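Good morning, and thank you for joining this group meeting.

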Amino acid sequence: MQSPLPVRDGVNATRLRLPDEGPWDTAMDYMMHRWGHIDPQGIEDRFDAGEIVGEAGIPLDRTTPLERHTFIWYYRSLPPETRIPVELNILHLDEHLLVVDKPHFLPTTPGGTYIQESALVRLRNQLELPDLIPMHRLDRMTAGILLLSTNPATRGKYQVLFEKRLVRKEYECVSAAEPGPGHPAVDFPVVVRNRMTKSRSYLLAEVIEGEPNAETRIERLRTFAGTSDAGPASGAAADGAAPRRALYRLEPHSGKTHQLRVHMASLGLGIVNDAFYPELLDKAPDDYAKPLQLLARGIRFVDPISGSPVEYRSRLELSEAR
């Protein structure tokens, strides 16, 4: 549903669905029920100023009956954010697409405590493109190629490519050169197939029994000496010696949450600096010196406008891929 309010400061207006019935006479009564404990005066001021609107952009006031609108829109009051000390690099821009190298630690879209400090909002403001929309997502901790649509008129043609899995993605990661204890040796290249779902645990994905819905081809590209301060996901040697590490190419044929991280961990090859898999570590402040060693290296498809094959490649390098 199209918002009647324009993008402001790179951020979309928030949409709220009003209940069909309940003990509230007005839309403001319902908003007070939801958020009055936080800022009741602010809610009243917004209604008085006509800053809360319904369908077709009609302003609501304190007396607007609950049943008059199904959806209402308003701009959230955004708290100040500390800038994440990373930068986006623009690789390609035309009338249909924007391609960027997203750095580690920067989320793709606004959410939670990251609003202005997201790739989408930064780029909307920097390029003055309020209609900018991501074609896919990268985890906050994953770096690399990110495609965004610049043109609402042609956006659907690119969305279809992703929906029909006509886009080929290539990732790289750094992990131990050999599986950790309790895991068999791996004959590369290997294809991992299993059934994944979001678990009931905090933000985690898990493998369950059932028909496979996730598939990744994994190839070991080269091995090299690791560092002596390798963490538990790096396969550190028991005697304290620096472990052997390897650079891997990952080709997902599905797009489940944390798929690549889960599939590498399932082989006993948890990605270096992964705080989730194979073991969920205690939450800690971001350590910008130790990014997750996972990079979206490339993406390719047949461009639906030109009809020609295109490929975009990241210029970033994983810090541990020495």
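Which residues line the largest cavity? Before I answer, please note that this is a predicted model. The lining of the largest cavity consists of H136, I145, K169, E170, Y171, A296, G298 and I299. Sorted by class, the lining of the largest cavity contains four nonpolar, two polar and two charged residues. The volume of the largest cavity is about 40 Å³. When the whole structure is searched, one cavity of 30 Å³ or more is found.

By class, 10 nonpolar, three polar and four charged residues make up the lining of the second largest pocket.

My next topic is helix α3, which spans residues 119–127. Are A119, L120, V121, R122, L123 and R124 buried or exposed? These six residues of α3 are buried. What do the buried residues of α3 pack against? Their partners are β4 (97–102), β5 (133–134) and β6 (143–149). After α3 comes E128, and the phi of E128 is positive, near 55 degrees.

I now come to the aromatic rings. In general, two values describe a pair of aromatic rings: the distance of the centres and the angle of the planes. How many aromatic pairs does the structure hold? There are eight aromatic pairs in the structure. One of them joins F105 and Y288 in an edge-to-face arrangement, with 4.8 Å centre to centre and 75 degrees between the planes. This pair links distant parts of the chain, 183 residues apart: F105 lies in the loop between β4 and α3, and Y288 lies in the loop between α5 (259–266) and β12 (294–302). F105 counts as buried because its relative accessibility is 2%. Y288 counts as partly exposed because its relative accessibility is 40%.

Another aromatic pair is formed by F188 and Y248; it is tilted, with 5.5 Å centre to centre and 55 degrees between the planes. This pair too links distant parts of the chain, 60 residues apart, with F188 in the loop between β7 (168–176) and β8 (190–198) and Y248 in strand β11, residues 244–252. Why does F188 count as buried? Its relative accessibility is 17%, so F188 falls under the 20% limit for a buried residue. Y248 has a relative accessibility of 0% and therefore counts as buried. Elsewhere, ring pairs join Y158, F301 and Y312 into a cluster.

The charged end of R8 sits over the ring of Y75, 3.8 Å from the ring centre. Likewise, the charged end of R15 sits over the ring of F71, at 4.4 Å from the ring centre.

I shall finish with a glycine. Where is G156 found? G156 belongs to helix α4, residues 155–163. With 32% relative accessibility, G156 counts as partly exposed. G156 and V167 are 11 residues apart in sequence, and their C-alpha atoms are 14 Å apart in space. Thank you for your attention.

Methods:
Residues numbered from 1 in each chain as written. Predicted model: local features only at pLDDT ≥ 70, side-chain atom pairs only at ≥ 80, totals over all residues. Heavy atoms only, no water. Buried < 20%, exposed > 50% of the residue type's maximum accessible area, 1.4 Å probe, protein only. Helix = DSSP H or I, 4+ residues; strand = E, 2+ residues; numbered from the N terminus. Contact = heavy atoms within 4.5 Å. Phe/Tyr/Trp six-rings, centres within 6.5 Å; stacked < 30°, edge-to-face > 60°. Lys NZ or Arg CZ within 6 Å of the ring centre and 35° of its normal. Nonpolar A, V, L, I, M, F, W, Y, C, P; charged D, E, K, R; others polar. 1 Å grid on protein atoms, 1.4 Å probe; cavity = no way out; pocket = protein on both sides within 12 Å on 5 of 7 lines; lining within 4 Å. Points joined across faces, edges and corners; volume = space filled by probe spheres on them.
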